[in-house]
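This briefing concerns the chain interfaces and the strand pairing of the structure shown below. Points are grouped by topic.

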Amino acid sequence: MRRRPYFLIFVLILGYAFFYVPIASMIFYSFNKSRLATVWGGFSTEWYGKLLTNQQVLDAAWLSLRIAFLSATIATILGTMAGMALARFSRFRGRVLFSGLVSAPLVMPEVITGISLVLFFIGLEFLIGWPNGRGFTTITLAHITFSLSYVTVVVQSRLASMDRSVEEAAMDLGSKPLRVLFDVTLPIISPAIIAGWLLAFTLSLDDVVITAFTNGPGTTTLPLYIFSKVRLGVTPDMNALATIIVLLVGTGVALAGFLMYRAEKKRERDVQMAIAANK
Amino acid sequence: MAALAPAPTSAQGEESHLPKAHTFRAWLDREAWRQAIIAIPYLWLLFFFIAPFLIVLAISIGTAQVGIPPVIWKDSFPFGTFDNYAFLTQDDIYWQGYLNSLKVAVIATFFALLIGYPMALGIARASGTWRNVLLLLVILPFWTSFLLRVYAWIGLLGNNSWFNKGLTWILATFFPFWVEGDHIQMMNTNFAVVLGIVYSYLPFMILPLYATLEKLDRTLDEAAMDLGSRPWQVFKDITLPLSVPGIVAGAMLVFIPATGEYVIPSLMGRGDSPMIGRVLADEFFQNRDWPVASSVAVALLAILVIPIMIYNFFQARDARAGAK
Amino acid sequence: MDVEAKPQNGSERPWLDQKAKPFIRIDKVTKKFGDFTAVDNVSLDIFKGELFALLGGSGCGKTTLLRMLAGFEMPTAGRLYLDGQDMTDIPPYERPVNMMFQSYALFPHMTVEKNVGYGLKHEQMTDAQRKDRVRQLLDLVQLTPLAGRKPHQLSGGQRQRVALARALAKQPKVLLLDEPLGALDKKLREQTQFELINIQDKLGVTFIVVTHDQEEAMTLATRIAVMDQGLIRQTGTPTEIYEFPRTRFVADFIGSINIFDGEVKSSAKSKVTVASPTLGTDVTVDHPGTLASGAKVAIAVRPEKISIERKKPGAKAADNAIAGKVMDLGYFGKDSLYRVKLPSGAMVRVNAVNSRRAGENERVAVWEDDVWLTFAPSSVIVLTE
């Protein structure tokens with residue numbers, strides 16, 4: 001019998017308090033009646049009501065969702081391709097440069113990516129007249145560029161751990177490579193592709209710095225709106241907005257985690273039963 | 001049963017009487033789609049990642065001017081000038097910005113490791129269901145908005161918050177000689193920036209550490225204990241050395257973005273000693289000095305090249321080990 | 001299922017017939033991976049209806065050879081023929097050859113039924129025919145009740161049978177099996193071994209099995225090719241490989257054997273006398289043909305072909321007899337293994353069946369006993385290589 005690691009339990013409790021106390025405090029104060037964000041003035045949901053009639057917030061949220069959806073979808077397609085190229089084609093010209101290119105945006109400071117993209121877009125417009133000013137298009141292109149790396153990593157690692165003989169078996173049974181891709185490879189890695197899409201979606205929905213560089217007049221995404229408000233200090237309506245977003249995403253992730261956990265448990269049970277039945 | 005005729009003949013034979021769609025499929029089967037799979041993301045990254053960076057390099061050796069474009073190059077060899085880089089060494093604000101960034105990043109990385117390591121170890125040692133729940137609780141903030149999590153701390157650190165007041169009361173009770181007044185100034189200090197960075201990037205520290213620690217064979221611990229090591233010695237002799245790859249990965253994942261961090265110092269830091277990310281943004285947005293902003297970016301990347309290479313080296317080694 | 005008729009033409013041993021046409025011809029095939037030669041100029045003929053085993057340790061090239069037959073690897077040099085046609089450049093999806101993978105490679109997202117029917121998607125047949133075929137295959141491997149299950153809901157043995165049914169679905173001319181029983185536990189392996197033979201017998205499909213397990217190769221195969229370092233060291237029936245190994249490697253690799261160096265003393269009338277300093281005596285050996293006096297050879301005797309006694313054997317001049325001392329004794333129940341030390345210091349392994357029920361004090365011989373070992377001239381193999 002091992003001794004209980006009291007020290008580790010203590011650190012874990014402190015660590016999770018560190019993670020969650022600020023968020024809990026923020027949620028609590030979002031129901032504060034007082035206009036002063038930090039002084040408790042009784043329970044109220046009026047800030048939530050105000051938020052729903054704030055056209056600026058709603059516009060920003062709608063813009064962010066549209067950009068996130070589009071950029072995540074394109075980034076997932078490109079990232080899946082890149083992941084397959086890296087995991088499946090062992091030799092092609094420029095492979096080293098390619099793998100470097102894919103991993104660079106993961107570690108590149110956002111200010112550098114931001115400034116280089118905006119200067120690039122300005123230069124491009126100067127030379128060929130496209131993109132016409134900065135806004136939806138340039139933000140989306142920038143988001144695709146940095147989030148495709150994340151999709152690539154997720155897809156590549158799933159492919160690397162996949163048994164290649166499954167693909168060979170499909171080919172052996174008469175499927176040409178493209179058929180193998182659609183019949184076998186893509187269905188098997190589909191959870192990774194979905195995870196990659198969700199990751200790209202939330203990254204886009206959350207991005208401040210690169211968006212700040214590549215946006216134009218009239219394209220204020222939700223994070224940019226929040227950033228400009230937060231600079232001025234803590235307000236109860238920001239608390240309410242933050243609470244809605246955190247709870248929405250939190251519930252979504254927790255639910256996804258729970259469903260995955262349950263599927264895994266069911267799978268384990270199936271395997272156990274199959275072994276038991278054979279005995 | 002498939003025909004046994006040689007492949008080229010059969011492919012041609014099929015094509016001649018098949019509709020267009022099948023011809024496209026045949027084209028795809030002739031490995032063209034493989035090239036497409038490589039080429040499309042490759043070209044995307046060359047176009048939207050390498051080309052922009054080359055433009056930054058080019059602008060960093062240009063000269064600022066009033067007009068459009070706000071940058072101009074010499075029309076004869078060597079076309080550019082290193083004046084902008086020289087300027088970075090002359091004005092205090094730049095090299096202090098770099099120093100300030102490195103200082104904050106090093107301290108934040110250290111504290112993230114200090115908190116993250118025992119947490120990762122605790123998660124890795126937890127039993128089945130607990131481990132999943134704890135892991136989910138680390139990943140959860142990672143998915144929720146970064147900006148809003150920083151915002152949550154701003155709420156706590158403010159001079160009138162319950163947290164600040166509580167902390168002031170505790171400190172005033174136990175260490176009265178430290179505290180003056182009814183609050184502690186925490187917002188707009190380097191302390192707040194370090195705290196914000198540790199808080200935001202802690203999952204990046206915990207997850208690679210957890211991945212390494214979780215893979216460790218616990219029978220090694222038992223073997224060491226069997227040979228007479230006490231728990232602390234087991235940790236020092238076995239667990240710690242074997243988790244070095246996780247430590248390096250986690251430290252780099254915190255250090256690199258922390259150095260170039262813009263949002264946290266803007267919201268929580270002091271205005272008078274900005275970090276380099278803030279300097280870069282101000283140079284671009286406020287001063288509209290593209291060449292100087294570009295050379296700040298190039299110099300920042302130059303500083304980060306070494307940690308990025310260390311990170312890639314360990315990742316590649318890990319990948320090789322995984323392949324074996 | 002349209003069971004192909006068993007090949008009636010020719011004898012049961014087509015490889016002995018000079019005029020028989022090989023079904024699969026591997027012609028001087030070499031495969032290199034960079035500097036490493038996995039398969040080194042291998043030529044091999046395999047006949048229709050055979051159950052052929054490629055036997056060897058890991059890294060001997062057997063799996064590479066199999067993957068070249070399936071089309072997953074291209075030979076660096078040489079050609080592969082099937083039924084008289086050159087297959088070398090044909091991609092795997094157009095070869096009338098199917099493979100059962102070592103990991104089984106079942107599609108994890110498809111049911112048993114879909115797995116088995118997958119290869120039929122590309123065949124010209126109606127849905128009803130396809131369904132019918134899948135049902136027959138599931139009957140053949142006794143998996144009909146599990147048709148709707150996914151692979152992770154099956155036990156190892158069931159997965160193996162799905163993989164077999166899936167590989168047989170397209171009625172391949174040749175079935176390639178990569179370590180077909182490797183992932184099964186010992187008991188299941190024995191049972192499955194015979195099922196495989198029965199199915200092969202029933203369908204008459206040519207099987208090529210890759211295995212590292214010699215017992216498996218011996219039970220399954222009509223013929224075995226022993227591979228080592230990319231080369232085929234010997235090809236023959238299980239009996240030929242075991243009783244008449246041609247090289248020291250094959251003799252040593254298959255089963256257990258005692259090998260001693262010696263020198264030919266005299267040679268006449270298919271009897272050879274070999275002087276062996278290690279054995280301390282001359283050994284008479286049955287050997288076809290004659291050998292030059294003074295030639296360096298090795299003589300080999302399998303442990304079970306030596307009998308062990310405490311008494312000095314009588315004047316049975318036909319047998320070879322050597323004295324020694326029991327150093328080790330391993331009791332396995334049905335038989336015992338003795339390690340006997342000769343005066344020269346060499347060790348001889350002797351395997352004796354415990355045909356008589358005997359208590360611990362009634363054994364044939366125990367530690368430190370002086371014993372006599374005898375073996376017939378016909379039991380000794382002369383290795384000239």
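Across the interface of chain A and chain C, the rule finds 15 residue pairs in polar contact, both residues being at pLDDT 80 or more. The model is a predicted one.

**Interface of chain A and chain C**

- Contact between these chains involves 24 residues of chain A and 29 residues of chain C.
- About 2,300 Å² is buried between chain A and chain C, and 59% of this area lies on carbon and sulfur atoms.
- Within chain A, the residues that lose the most area to chain C are A:Glu168, A:Asp172 and A:Leu173, which together make up 30% of what that side buries.
- The rule finds 2 salt bridges across this interface.
- A:Glu168 is in a salt bridge with C:Arg67, with 2.6 Å between the closest N and O atoms.
- Three helices of chain A, α7 (164-172), α8 (177-206) and α11 (236-278), each supply at least two residues of the side that touches chain C.
- α7(A) provides the largest share of that side, with 7 residues.
- By class, the side of chain A that touches chain C comprises 11 nonpolar, 4 polar and 9 charged residues.

**Interface of chain A and chain B**

- Here 85 residues of chain A are in contact with 89 residues of chain B.
- Chain A and chain B bury about 8,000 Å² between them, with 82% of the area on carbon and sulfur atoms.
- A:Phe18, A:Phe19 and A:Val107 account for 9% of the area that chain A buries against chain B, more than any other three residues.
- Between chain A and chain B the count of salt bridges is 0, while the count of residue pairs in polar contact (both at pLDDT 80 or more) is 11.
- Helix α1 (residues 6-29) of chain A contributes 15 residues, the largest share of the side of chain A that touches chain B.
- That side of chain A is made up of 66 nonpolar, 12 polar and 7 charged residues.

- Four strands of chain C form an open sheet in the order β2-β1-β4-β5, with antiparallel pairing.
- β2 (36-46) and β5 (85-86) of chain C are the edge strands, each pairing on one side only.
- Strand β1 (residues 24-33) of chain C runs antiparallel to β2(C), and 7 bridges join the two.
- C:Arg25 has C:Asp45 in β2(C) as its bridge partner.
- Helix α1 (residues 62-70) of chain C packs on this sheet and touches β1, β2 and β4 (77-82) of chain C. The direction of this helix makes about 115° with that of β1(C).

- Strands β11 (residues 258-268) and β12 (residues 271-276) of chain C pair in the antiparallel sense over 5 bridges.
- Opposite C:Val264 stands C:Val274 in β12(C).
- The hairpin of β11(C) and β12(C) has 2 residues between the strands, and C:Lys269 takes a positive phi near 50° in this hairpin.
- β12(C) is also joined by 6 bridges to strand β13 (residues 281-286) of chain C, and these two strands run antiparallel.
- C:Val272 has C:Val285 in β13(C) as its bridge partner.
- The hairpin of β12(C) and β13(C) has 4 residues between the strands, and C:Gly280 takes a positive phi near 75° in this hairpin.

Note on methods: Residues are numbered from 1 along each chain as its sequence is written. Chains are lettered from A and ligands numbered from 1 in the order in which they are written. This is a predicted model: local features need pLDDT of at least 70, side-chain atom pairs count only at pLDDT 80 or more; totals for chains, interfaces and linings use all residues. Side-chain values use heavy atoms; hydrogens and water are left out. Two strands pair if DSSP finds at least two bridges between them. Contact means heavy atoms within 4.5 Å. Buried area is the accessible area (1.4 Å probe) that two parts lose on being put together, summed over both. A salt bridge is a side-chain nitrogen of Lys or Arg within 4 Å of a carboxyl oxygen of Asp or Glu. A polar contact is a pair of N or O atoms within 3.5 Å; within protein, one must be able to donate a hydrogen and the other to accept it, and residues adjacent in sequence count only if both atoms are side-chain atoms. Ala, Val, Leu, Ile, Met, Phe, Trp, Tyr, Cys and Pro count as nonpolar, Asp, Glu, Lys and Arg as charged, and the others, Gly among them, as polar. Axes are lines fitted to C-alpha atoms, for helices over the stretch in contact, and angles run from 0 to 180 degrees between N-to-C directions.
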